[in-house]
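Good morning, colleagues. Please look at the sequence and the structure as I bring them up; I shall discuss a group of strands and then a pair of helices.

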Amino acid sequence: FRRLGLLKRAGFSCGGLTLNAMGLFAAYAHALDEAVFSDQTTLLVDIGARHMEVVVQRNGKVLFVRNLTLGGQRFSEALQEEFKLPIREAEDLKLAQGAILPRHFDVAAEIDTDVPEARISAALLEPVESLVDTLQATMNYCKAQTRLTDLKIDRVVLSGLASRLRGLREILSQRLRV
């Protein structure tokens, strides 16, 4: 809203504000066209650098929208801390070698951090768990706000650069049971 005020003070007329999440939904609905009316509830998650946009949609209708301050930078910061790297190098490491190993999906798994790949995976587990917890809390909040207590997510669609992190889709699928 601060930017909207800046535009008005600069002499621009603005009739409204479009949230990034609405753009995310519009792109999804446009890409699917008629298939968006599939009687499935979809959780759209765009993981940006610093923010995450979440949209819950069903049959081409937005049920719930949320903007969260949890983005891909959390993964980079975890690697920065683990490897004592400048943030730019941690970001490069995330993009080049970042992966959550399937054997680490089990919370009680033994992690051999002497192996660089396993050390990277171990460092990424905390932000991934935070992401899972946030999405679960968002769904609970959505259910309460919409009074659709039996709402079940049928599908999750990820976007954003951090969504390319190897193993992320699989661990989200397992943890969210989708």
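A hairpin of 4 residues leads from strand S1 to strand S2. Strands here are DSSP runs of E, at least two residues long, helices are runs of H or I, at least four residues long, and both are numbered from the N terminus. The model is predicted, so local features need pLDDT of at least 70 and side-chain atom pairs count only at pLDDT 80 or more, while totals for chains, interfaces and linings use all residues. Residues are numbered from 1 along each chain as its sequence is written, and side-chain values use heavy atoms, without hydrogens and water.

S1, residues 41-47, runs antiparallel to S2 and is joined to it by 7 bridges; strands pair if DSSP finds at least two bridges between them. Leu44 faces Val55 in S2 across this pairing.

On to the next strand. S2 and S3, residues 61-68, are also antiparallel, with 7 bridges, and Val55 stands opposite Val65 in S3. Their hairpin has 2 residues between the strands, and Asn59 in it takes a positive phi near 55°.

How many residues of S2 are buried? The count is 6 of the 7 in residues 52-58, so the strand is largely enclosed by the rest of the structure. Buried means under 20% relative accessible area, with a 1.4 Å probe and protein chains only.

Finally, the helices. Phe75 and Leu79 are among the residues of H3 that meet H4, where the partners include Ile87 and Leu93; contact means heavy atoms within 4.5 Å.

Methods
Buried < 20%, exposed > 50% of the residue type's maximum accessible area, 1.4 Å probe, protein only.
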